[in-house]
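Colleague: I would like a close look at one part of this model, with its surroundings described in some detail. Please keep to what the coordinates show.

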Amino acid sequence: MDRTLVNYVRALRAAGADASIAESIDAARAVALLGYADRRQLKDGLGVVLAKTPAEKLIHERVFDQFFGAVDASAEARSEGKRGASDLQDAQPAGAASGQPGQPGQDAGGGPHADRPASPTAASGGDALQQLIAMAAEARGGASGERMPSLGPALNRAAEAANVDDIQFHTQVGPLTRRLLEELGIAPLDARVRQLLLEPQSSGSPDPQAELATLQAARESLRRAARALVEQRFELYGRPATEAFMQDVVAQRTLGRLAPHDMERMRVVVARMAKRMAVKHSRRRRVQLRGQLDFRRMIRGSAGHDSVPHRLRFKYRRKDKPKFVAICDVSGSVAAHVRFLLLFLYALHGSVADLRSFAFANQLGDVSPLLENLPFDEAFDRILHEHAGSTDYGQAFTDLQDQFWDVIDRRTTVIILGDGRSNHAEPRVDILAEIASRAKRVMWLCPEPKSRWGSGDSVMPKYAPFCTLATHVASAADLERAIDEALAAYG
């Protein structure tokens, strides 16, 4: 597989498309048939084999234009340049050798990192300076001439040598631009500019100021072209890397410290977590108890073979399908965390088939229809409006027992999201004990650290003994680990 296609698949994956290895192989076969010459045909062909969903097709449309856009612009500049020459192309620096530059390379790959001709570093003296001026003329839309090096291939070759594709943050654009120019061979041009600035009389030029202006304009054109390429690579590889880094930061950030502007990024994080857990736990089947023969099945199976056991049968443990009942405290004592807790429940409704969600401050209510059928912001406002009030865990447990007791059975994992502060009301520990004896597991995920359990109106020390797991969840990552553990219990 050629490097151009490898880097394009990498850009697709960074943008969020799930391009598998098998699909990449199909893409290589498509490129072998289509080639890189016809961009429209190539775009359609890669879209068929690499983009499976409407969302991925939109990603492919955007990334393809970004990935091949710089090369298209370079080709357009070359075609326009055949109609006329710019001032930079006509300018010849004093003292430059009259040797002929190298032959132009053919852009066979048509994209970043295809095989490229040698950069000006392969030349020396005046030849290198002439090549740089020719490439600067091309950058400004002028003619590069049939025997002049093409700017696009030279820039891509220098970008590969400078490891521009490893960019992760926008602050690296400046240093990488400088490194790219060094790999491009900007040194002879810089040396000539310094000579004209420091020793104009001994430079050997009949008009030092005019030559200096020409070379400075050439250098600026090359710098702009190099920076544009680095910016392009940042959009392809760096911006997704930066976003992934920021999402990891948000996932590890304490829930109480989440700012309003973090919530949009948190939606992506939570959706990714829910999808990851759904994929991990959705394909579970019966588990073979290794080495334990099922003699009853072996004897029954041998009835048609003169009672001779002809096939080994092993014992299996049948797995329960995950069934969750989530009870979320939305009172003022968890105001700093409630938006995130409900956001997590909102994402889980798209990943866990059997999930019932309840919210309470003092009276318990079923909020599953809201989380399943409404946009999150609207569902969040409705839940807070309908279940506002002072905290009363005892009343919430009583409502669960009176109205929704049948939702809990031996397959059910009950997840309680709250701080366990009951506002000095009767905690009804007896009902939680009945829930624990009735359900498969009871998990209490508390946003307060254990050092504060039992302080003030907290009754967590009374509730904790009846929970399979009672733990402090400080971040989204903690919550993901707890839910993942609950799902693993069904394995």
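Which residues does Leu342 touch, not counting residues up to four places away in sequence?

Modeller: The model is a predicted one. In it, Leu342 touches Cys328, Val330, Leu371, Phe376, Phe380 and Ile383, with residues up to four places away in sequence left out of the count. Leu342 belongs to the largest nonpolar core, which has 45 residues. Together with Met266, Phe340 and Leu445, Leu342 is among the members that touch the most others in that core. The element that gives the most to this core is helix α13 (residues 335-348), with nine residues. There is also a second, separate core of 31 residues, and its members include Ala136, Ala159, Leu196 and Ala218.

Two other places can be set beside this. Glu231 lies in helix α10 (residues 208-252). Leaving out residues up to four places away in sequence, Glu231 touches His170 and Val173. The C-alpha atom of Glu231 is 9.9 Å from that of Leu176, although the two residues are 55 apart along the chain.

The other place is helix α3 (residues 39-50), whose 12 residues should span 16 Å at 1.5 Å a residue; the end C-alpha atoms are 16 Å apart, so the two values agree. At the start of α3, a side-chain oxygen of Asp38 comes within 3.2 Å of the backbone nitrogen of Arg40. The buried residues of α3 are Arg39, Leu42, Lys43, Gly45, Leu46, Gly47 and Leu50.

How values were computed
Residues are numbered from 1 along each chain as its sequence is written. This is a predicted model: local features need pLDDT of at least 70, side-chain atom pairs count only at pLDDT 80 or more; totals for chains, interfaces and linings use all residues. Side-chain values use heavy atoms; hydrogens and water are left out. A nonpolar core is a set of buried Ala, Val, Leu, Ile, Met, Phe, Trp, Tyr and Cys residues joined through side-chain atoms within 4.5 Å. Buried means under 20% relative accessible area, exposed over 50%, partly exposed in between (1.4 Å probe, protein chains only). Helices (H or I, at least four residues) and strands (E, at least two) are DSSP runs, numbered from the N terminus. Contact means heavy atoms within 4.5 Å. The expected span of a helix is 1.5 Å times one less than its number of residues. A polar contact is a pair of N or O atoms within 3.5 Å; within protein, one must be able to donate a hydrogen and the other to accept it, and residues adjacent in sequence count only if both atoms are side-chain atoms.
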